[in-house]
Amino acid sequence: MLTIIVYSGFTIKNLSVEKENLSSTHNRVLEMESLSKLIHSLQIERGMSVGVVAKKDNEGKNKLSDIRKEVDLSIESLKNDNSVLSNLSELNNKREQINTLSISSGEVGGYFSKVIVSLLDSTTIIPSLTSDINSRNFLQIYTHLATSKESLGQIRANLNGAFTNDKFVEKTYDSYVASYGAYKVNLNKFL
């Protein structure tokens with residue numbers, strides 16, 4: 001009877017530790033999901049903003065308001081994470097510059113890309129904080145896929161500006177080449 005009680009105690013302790021690990025993993029997955037929604041929305045806002053600025057398209061500004069609302073909702077869901085929100089401190093200022101067309105398409109793309117990359121960097125630490133091996137592996141795979149997607153977004157933004165202006169302006173060609181290289185590296189890591 002004593003053996004059964006001792007064995008049951010160890011089993012309950014192990015199950016308790018496993019439950020805590022799974023709860024922690026669940027929270028990390030939810031954190032990754034919230035960051036993913038924000039990153040995706042910012043990628044869309046970046047593409048639309050570059051197009052509006054490159055084309056000097058006042059009508060396109062109306063379409064920006066919908067995606068901006070989506071970005072703002074995603075930011076709201078992360079209100080407790082000050083390290084993430086600090087990356088967005090200039091967002092309203094940049095939006096105003098886009099509205100007044102007082103910023104170049106290269107500057108718009110560069111700003112959004114910098115913010116998105118910093119958000120992606122914050123997602124890369126999440127897998128290492130997860131104790132469940134399968135979940136950690138899936139989260140790591142996701143970070144490589146998300147980084148590949150971001151590189152494609154940067155390529156798209158650079159090409160959007162280049163096709164609109166019928167040439168690469170400022171250092172957008174260099175940025176295009178670097179983004180393509182980053183895409184290939186992260187796609188290889190994902191695979």
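This is a predicted model: local features need pLDDT of at least 70, side-chain atom pairs count only at pLDDT 80 or more; totals for chains, interfaces and linings use all residues.
Let me start with Glu33 and Lys37, which both sit in helix H1, four residues apart and so about one turn of the helix from each other; helices here are DSSP runs of H or I with at least four residues, numbered from the N terminus. Residues are numbered from 1 along each chain as its sequence is written, and side-chain values use heavy atoms, with hydrogens and water left out.

The side chains of Glu33 and Lys37 form a salt bridge at 3.7 Å, N to O, a term that requires a side-chain nitrogen of Lys or Arg within 4 Å of a carboxyl oxygen of Asp or Glu. By that rule, the count comes to five salt bridges. Glu33 is partly exposed, with a relative accessible area of 39%; buried means under 20%, exposed over 50%, and partly exposed in between, using a 1.4 Å probe and protein chains only.

Arg68 and Glu45 meet through their side chains in a salt bridge of 3.4 Å, N to O. Arg68 belongs to helix H2 and Glu45 to helix H1, so this pair ties together parts that are 23 residues apart in sequence. Are these two residues buried or exposed? Arg68 is buried, at a relative accessible area of 10%, and Glu45 counts as buried too, at 0%.

Another salt bridge has Arg46 and Glu150 as partners, with their closest N and O atoms 2.6 Å apart. This pair links distant parts of the chain, since Arg46 is in helix H1 and Glu150 is in helix H6 (residues 133–165), 104 residues away. Arg46 is buried, at 2% relative accessibility, and Glu150 is also buried, with a relative accessible area of 2%. Beyond the individual pairs, salt bridges with shared partners connect Glu45, Arg68, Asp72 and Arg95 into one network.

What does Glu45 touch, if we leave out residues up to four places away in sequence? Its contacts (heavy atoms within 4.5 Å) are Leu64, Ile67, Arg68, Val71, Leu91, Arg95 and Phe112.

Two of those names, Leu91 and Arg95, bring us to helix H4 (residues 91–99), whose buried residues are Leu91, Lys94, Arg95 and Ile98. Just past H4, Leu101 adopts a positive phi of about 55°.

Phe10 is exposed, with a relative accessible area of 54%. Together with Leu2 and Val6, Phe10 forms a nonpolar surface patch with about 330 Å² of accessible area in total. Patches take residues with over 30% relative accessible area and no salt bridge, joining like charges within 9 Å and nonpolar side chains (Val, Leu, Ile, Met, Phe, Trp, Tyr) within 5 Å. The areas come from the Shrake-Rupley method with a 1.4 Å probe, and for residues only the protein chains shown count as cover.

Conventions. Helices (H or I, at least four residues) and strands (E, at least two) are DSSP runs, numbered from the N terminus.
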